[in-house]
Every structure is written in C-alpha cells, then in structure tokens.
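Welcome! Below is a short tour of one protein model, written for someone meeting it for the first time.

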Amino acid sequence: MALALRDLQRAVPLRRARLRRALEALRAALGVQRFAVGVVCVDNERIRQINRIYRRKNAPTDVLAFPFHENLKAGEIPQPAFADDYNLGDIFLGVEYILQQRQENEDYYDLLTVTATHGLCHLLGFTHSTEAEWQKMHQKEKQVLEELGQRLGTRLQPLSRGLF
C-alpha cells in the first residue's frame with residue numbers, strides 16, 4: 001500500500017526522498033508495508049494547533065499520531081476484513097520543532113527517522129502513559145531502529161527525553 005508523504009510547511013528545507021526511503025524501510029522493519037500510512041510534515045504553528053485541538057496542549061511538539069485502528073494491543077498488526085481497512089493512520093511530524101530541539105551533533109534526518117519510528121509505534125498501539133508502557137515502546141523502537149540500521153547502515157537510538 002501507499003506511503004503518502006506531504007510537506008505542508010516552509011520553515012525548514014526538507015529532502016523528502018531521504019525521509020521517504022527511511023519511512024519505507026521502517027514500514028518493512030515493522031512488517032506493515034501492506035498498510036497505507038500518511039506522514040505530514042508541519043511547522044510549529046500547525047503542530048501547536050493540532051496538539052491544542054486533540055490533546056489540549058497549547059504547545060508545539062515533535063510528533064502526533066492518529067491511528068486508523070483503535071484499541072490495538074501494543075505491537076499488534078491489524079487484521080483488516082476489507083481492503084479499505086489496510087490503513088495504519090496518519091503521523092504529523094513537527095519538523096521545525098524537531099530541528100529546534102536537536103543537539104549540535106545530531107543529524108536532522110536521523111532525528112526525523114527516529115521520531116517517525118515513534119509515531120509508527122503509536123499507530124501500532126504503543127503508548128507511554130506508564131513506565132511499563134514506555135519500556136515496552138522503547139524496546140520496540142530500539143528493535144526496529146536496529147533492524148533499520150542493518151538495512152540502511154545507520155546507528156539510531158529511540159526517543160528517550162521526556163517521554164515518561
């Protein structure tokens with residue numbers, strides 16, 4: 001199925017081909033390449049608006065995920081009954097926020113990949129409301145990023161700052 005990648009911002013130059021390559025590899029590593037996924041890159045103002053509406057937090061953030069399949073257990077792959085249900089959902093990447101939060105020695109595209117991994121895990125039912133949930137999600141992200149490293153020759157670590 002398709003990967004829809006949209007860049008709806010002008011705050012940060014974005015090479016979509018590099019991000020698309022990483023997203024396709026992530027979908028394969030998670031075993032969800034049969035499912036459609038939407039990834040939308042937005043600026044601080046747009047992600048702040050979405051965060052305010054859906055999470056009641058009036059601040060920009062790095063990623064927001066909106067799963068198509070609700071109530072999935074963490075890591076569960078949906079089992080659609082109909083072709084139209086081969087959809088995981090949508091991820092909004094706050095690319096301006098991600099760039100502003102990066103450390104001097106961090107590669108921006110690596111951070112986009114790690115953040116997208118986090119969003120994809122949310123689409124698959126992972127959360128981090130409790131320490132136990134965070135540990136489970138962190139382990140999944142680590143596993144996926146290690147597999148991605150074997151495919152693309154990267155050495156990425158999961159998000160860890162301020163998640164629990």
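## Before we start

An axis here is a line fitted to C-alpha atoms, for helices over the stretch in contact, and angles run from 0 to 180 degrees between N-to-C directions. Helices (H or I, at least four residues) and strands (E, at least two) are DSSP runs, numbered from the N terminus.

The model is predicted, so local features need pLDDT of at least 70 and side-chain atom pairs count only at pLDDT 80 or more, while totals for chains, interfaces and linings use all residues. Residues are numbered from 1 along each chain as its sequence is written, and side-chain values use heavy atoms, with hydrogens and water left out.

## Helix 1 beside helix 4

Let us begin with a pair of helices. Helix 1 and helix 4 pack with their axes 10 Å apart, at an angle of about 35°. Their crossing is right-handed; a crossing is called right-handed if the near helix is turned clockwise from the far one by less than a right angle, and left-handed if anticlockwise.

Which residues make this contact, where contact means heavy atoms within 4.5 Å? Helix 1 brings R18, L19, A22, L23, L26 and L30, and helix 4 brings Y109, D110, L112, T113, A116, T117 and L120. By class, the contact of helix 1 with helix 4 has 9 nonpolar, 2 polar and 2 charged residues. In this scheme Ala, Val, Leu, Ile, Met, Phe, Trp, Tyr, Cys and Pro count as nonpolar, Asp, Glu, Lys and Arg as charged, and the others, Gly among them, as polar.

## Helix 5 joins in

Helix 5 also packs with helix 1, at an angle of about 120° and with the axes 9 Å apart. Helix 1 and helix 5 are therefore oblique to each other. For reference, angles under 35 degrees count as roughly parallel, over 145 as roughly antiparallel, 65 to 115 as roughly perpendicular and the rest as oblique. The crossing of helix 1 and helix 5 is right-handed. On the helix 1 side are A22, A25, L26, A28, A29 and L30, which meet K140, V144, E147, L148, R151 and L152 in helix 5. This contact of helix 1 with helix 5 has 9 nonpolar, no polar and 3 charged residues.

Helix 4 (residues 108-123) and helix 5 (residues 131-152) meet as well: their axes come within 10 Å and cross at roughly 125°. That makes helix 4 oblique to helix 5, and their crossing is right-handed. T113, V114, T117, H118, C121 and H122 of helix 4 make the contact with M137, K140, E141, V144, L145 and L148 of helix 5. The residues of this contact divide into 6 nonpolar, 4 polar and 2 charged.

Is L26 buried or exposed? With a relative accessible area of 0%, L26 is buried; the cut-offs are under 20% for buried, over 50% for exposed and in between for partly exposed (1.4 Å probe, protein chains only). L26 lies in helix 1. Leaving aside neighbours within four places in sequence, L26 is in contact with T113, A116, T117, L120, V144 and L148.

Not counting residues up to four places away in sequence, L123 touches V37, A65, F66, P67, L72, L88, G89, D90 and I91.

## The nonpolar cores

A nonpolar core is a set of buried Ala, Val, Leu, Ile, Met, Phe, Trp, Tyr and Cys residues joined through side-chain atoms within 4.5 Å. The largest one has 38 residues, and L23, V37, V39, I91, L93, Y108 and L112 have the most contacts inside it. Strand 1 (3-7), helix 1 (16-30), strand 2 (36-42), strand 4, helix 3 (95-101), helix 4 and helix 5 each supply at least two of its residues. Helix 4 gives the most to this core, with 9 residues. A second, separate core of 6 residues includes V40, V42, I47 and I50.

## Two loop residues

R56 lies in the loop between helix 2 (44-55) and strand 3 (63-67). R56 has a positive phi of about 60° although it is not a glycine, and at 74% relative accessibility it counts as exposed.

N71 sits in the loop between strand 3 and strand 4 (87-94). Phi of N71 is near 65°, a positive value in a residue other than glycine, and N71 is exposed, with a relative accessible area of 77%.

Methods
Contact means heavy atoms within 4.5 Å.
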